[in-house]
Amino acid sequence: MCGITGFWETPFRSEGKLNDMAQSMANAIAHRGPDDSGVWSDPQAGIGLGHRRLSIIDLTSAGHQPMASSSGRFVIAFNGEIYNHLELRAELDYISNSSRYKGLANANMKWRGHSDTETLLAGFERWGVVATLAKTVGMFSIALWDTQERTLHLVRDRFGEKPLYYGWTGNRAGNAFVFGSELKALRGFPGFINPVCRGALAQYMRFLYVPAPRSIYQGIYKLEPGCLITIKGAAPMVAPSQPLRPPAIYESLTMTRWWSLADVAQLGAGNMISNEVDAINTLEQRLSDAVKLQSMADVPLGAFLSGGVDSSIIVALMQQQATGPVKTFTVGFEESGFDESPFARSVAKYLGTDHTEFFVTAAEAHDVIAQLPTIYDEPFADSSQIPTHLVCHTARKHVTVSLSGDAGDELFGGYNRYFWGPRIWAKLAWLPYPVRQALGAAISAVPVAGWDAMSVLINTLLPDVLRIINAGDKAHKLAARLRGVRDLEDLYKSLVSEWQDPAQVVRDDKGRSVLEPSSLLGDALPKSILKGVAKSPLRMMYQDSMTYLPDDILCKVDRAAMASSLETRVPFLDHRVAELAWQLPLGMKIKDGQGKWPLRQVLYKHVPRQLIERPKAGFGIPVGQWLRGPLRQWAENLLDENQLSAEGHFYPLPIRKKWAEHLSGRRDHTGSLWAVLMFQAWLQQS
């Protein structure tokens with residue numbers, strides 16, 4: 001796990017100057033790699049590479065980067081892990097030693113160390129870039145310079161576990177192409193002047209994160225998962241007017257998708273596994289193999305444990321393979337309604353792990369909030385970022401690598417919206433759109449207090465039959481969806497949106513409402529696997545895997561962990577596990593209103609059902625309560641009406657209205673307000 005960065009500009013600077021620039025950019029992400037740093041440049045091409053190293057495999061100087069291949073043709077700056085690199089080495093050694101391949105170029109292998117970086121370089125020389133990537137099992141972002149072809153390749157792993165930004169900046173519009181693991185590395189390039197992208201801000205207010213391919217800065221983009229950028233001959237000196245989407249060509253720059261989840265879904269639909277016993281056994285074997293591969297490290301290793309299905313199954317398989325107690329970590333809260341640490345403790349005790357708990361107070365959360373703009377580089381408003389950072393910080397005191405249970409929900413149907421979203425649509429779809437609009441308006445006409453009063457009456461009259469909580473808030477949210485939802489796609493967008501209409505709150509640099517950019521839901525999912533409403537959760541699962549997973553979940557964990565120089569690994573994102581998930585029928589993933597059925601069957605072989613089964617809570621924290629209490633003054637300062645007006649990014653009135661409703665307790669606007677607060681905090685430090 002490391003951090004990479006670099007640039008490509010007009011080739012007139014000296015090698016020393018280029019190295020200084022690369023070093024300055026690399027130093028900005030020193031937290032990603034505290035163990036070593038390095039730079040490399042080619043003055044004739046005007047290219048520079050920078051690297052920060054967190055040593056995980058091959059702790060010696062043989063793993064130093066940027067690293068040149070044995071022939072000198074390729075130079076790489078690599079962030080991530082290739083879990084099967086020993087298998088790839090064995091294959092390369094076979095080629096080297098076999099008489100069949102004698103005399104072929106690059107056939108004779110002479111290894112300098114045992115790092116996966118060196119293995120990658122040898123593969124690129126032997127098989128080529130795309131063919132080598134296809135052979136890998138791992139997570140990575142890569143900058144690869146081909147000295148022979150004078151070509152730069154930027155690569156991101158299949159699911160986007162490792163980040164990679166790229167774009168154009170400089171003292172005048174687009175005089176340098178820059179890239180790096182985090183935006184702070186790009187800001188370290190001399191003359192970085194890119195302003196806030198108002199379109200990206202609008203999408204951030206909707207989703208609570210900036211979805212790829214955009215970033216919060218104009219002219220800077222996120223390389224999407226499974227994509228490869230190739231620049232031949234000379235750096236593109238002018239940025240395109242619109243974000244690049246594969247396949248796309250801009251002058252000397254091309255972008256391709258070297259791995260496609262849409263293809264995986266299509267292949268899985270044609271090769272479904274109908275036998276449940278076979279499916280469960282195969283799933284357990286593939287997960288075990290993934291955990292075994294990802295448990296390989298030359299440094300101490302552990303795992304996060306919440307006590308839920310996903311983290312528990314990873315820890316159970318780790319403990320099954322380990323020779324001693326696995327180190328596990330969880331975070332708890334003083335507020336009992338948000339504290340899941342007792343569940344994690346029970347699972348840890350049953351499995352016999354070496355368990356560490358950390359309890360979060362509002363004061364400690366407040367201390368973390370001040371660090372969030374620096375940690376996340378761009379506005380990010382998933383409030384579980386706070387406990388994620390704290391559990392990573394705690395884990396780093398004991399281990400250097402930690403496995404997590406992320407991605408189980410997206411692959412195996414774990415989110416609540418997969419169950420009740422389609423149910424809602426099935427009940428509403430028969431109503432003509434104008435009728436749904438009228439129904440929504442009628443519901444909105446009753447004040448929140450009115451719905452709350454009715455719920456109190458119902459709860460009083462039927463205490464043992466029905467209990468309704470926050471009825472007014474829920475009724476008005478339903479009304480908003482009724483007024484705006486035309487089809488299942490609209491329903492999904494509504495379910496994952498916080499500010500339902502960002503144009504009401506975000507304005508452009510001339511004071512006008514920002515029109516939100518076009519949809520960024522990734523490649524279209526083949527319609528052949530979406531026959532009928534009953535299979536509609538597949539569409540949501542696919543879209544979450546393309547957007548929410550890389551841009552929220554994986555981003556959250558990567559930044560939180562790397563801020564503490566901790567490497568995290570995600571066994572569910574071994575692509576062979578994901579491929580199997582798309583071979584399982586929807587009815588095998590979701591049964592009786594409950595998701596992740598096959599995962600539960602595997603887990604119950606290792607952990608008793610009663611330790612696991614409880615309502616899904618997620619990694620939530622009581623931010624809404626804190627905003628009315630210990631965080632109130634901090635929030636009030638950031639939401640000051642005069643300040644919002646002067647900065648010019650938002651219309652203050654809708655924000656102030658939500659703030660007043662939240663403080664009164666009439667509505668819960670935690671998500672919407674947290675989005676504004678995180679942007680404001682970021683803006684102050686940017």
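Is glutamate 284 buried or exposed? Glutamate 284 is buried, at 14% relative accessibility; here buried means under 20% relative accessible area, exposed means over 50%, and partly exposed is in between (1.4 Å probe, protein chains only). More on that residue in point 4.

1. **Ground rules.** This is a predicted model, where local features need pLDDT of at least 70 and side-chain atom pairs count only at pLDDT 80 or more, while totals for chains, interfaces and linings use all residues. Residues are numbered from 1 along each chain as its sequence is written, and side-chain values use heavy atoms, with hydrogens and water left out.

2. **Overall picture.** The protein has 28 helices and 18 strands, taken as DSSP runs (helices are H or I, at least four residues; strands are E, at least two) and numbered from the N terminus. Of the 686 residues, 59% are buried. Among contacts with a separation of 6 or more, 74% are between residues 24 or more positions apart; a contact means heavy atoms within 4.5 Å. The accessible surface is about 26600 Å², and carbon and sulfur atoms own 53% of that. Those areas come from the Shrake-Rupley method with a 1.4 Å probe, and for residues only the protein chains shown count as cover.

3. **Helix α20.** Have a look at residues 537-562: this helix bends by about 55° at leucine 549, and proline 550 follows within four residues. The bend is the angle between axes fitted to the seven residues ending at a position and the seven starting there. α20 is also mostly covered, with 25 of its 26 residues buried.

4. **Back to glutamate 284.** This residue sits in helix α8 (residues 276-294). Leaving out residues up to four places away in sequence, glutamate 284 touches Val602, Lys605 and His606. With lysine 605 there is a side-chain to side-chain polar contact of 2.9 Å. For a polar contact, read a pair of N or O atoms within 3.5 Å; within protein, one must be able to donate a hydrogen and the other to accept it, and residues adjacent in sequence count only if both atoms are side-chain atoms.

5. The whole structure has 26 salt bridges, each a side-chain nitrogen of Lys or Arg within 4 Å of a carboxyl oxygen of Asp or Glu. One of them pairs aspartate 558 with arginine 32 at 2.9 Å, N to O. Aspartate 558 is in helix α20 and arginine 32 in the loop between α1 (15-27) and β2 (36-42), so this pair ties together parts 526 residues apart in sequence. Both ends are covered: aspartate 558 is buried at 2% relative accessibility, and arginine 32 is buried at 0%.

6. Arginine 656 and glutamate 636 form a salt bridge of 2.8 Å, N to O. Arginine 656 belongs to helix α27 and glutamate 636 to helix α25 (residues 632-638), so the link spans 20 residues in sequence. Arginine 656 is partly exposed, with a relative accessible area of 24%, and glutamate 636 is partly exposed at 24% too. Elsewhere, salt bridges that share partners join Arg32, Lys162, Glu182, Lys184, Arg187, Asp377, Asp558 and Arg559 into one network.

7. **Arginine 666.** Here we are in the loop between α27 (652-664) and α28 (670-685). Arginine 666 is partly exposed, with a relative accessible area of 45%, and its side chain has a 3.1 Å polar contact with the side chain of serine 664.

8. **Backbone spots to check by eye.** Most residues other than glycine have a negative phi, and most peptide bonds are trans. A cis peptide bond joins glutamine 65 and proline 66, with omega about -5°; proline 66 is in the loop between β3 (47-53) and β4 (67-68). Another cis peptide bond joins alanine 212 and proline 213, with omega about 10°. The loop between α6 (198-207) and β10 (220-222) holds proline 213, and leucine 208 lies in the loop between α6 and β10 as well. Leucine 208 has a positive phi, near 75°, and is buried at 15% relative accessibility. Aspartate 592 has a positive phi near 55° and is exposed at 83% relative accessibility.

9. **Cysteines.** There are zero disulfides, a disulfide being a pair of cysteine sulfur atoms within 2.5 Å. Cysteine 2 is buried, with a relative accessible area of 5%, and cysteine 227 is buried at 0%.
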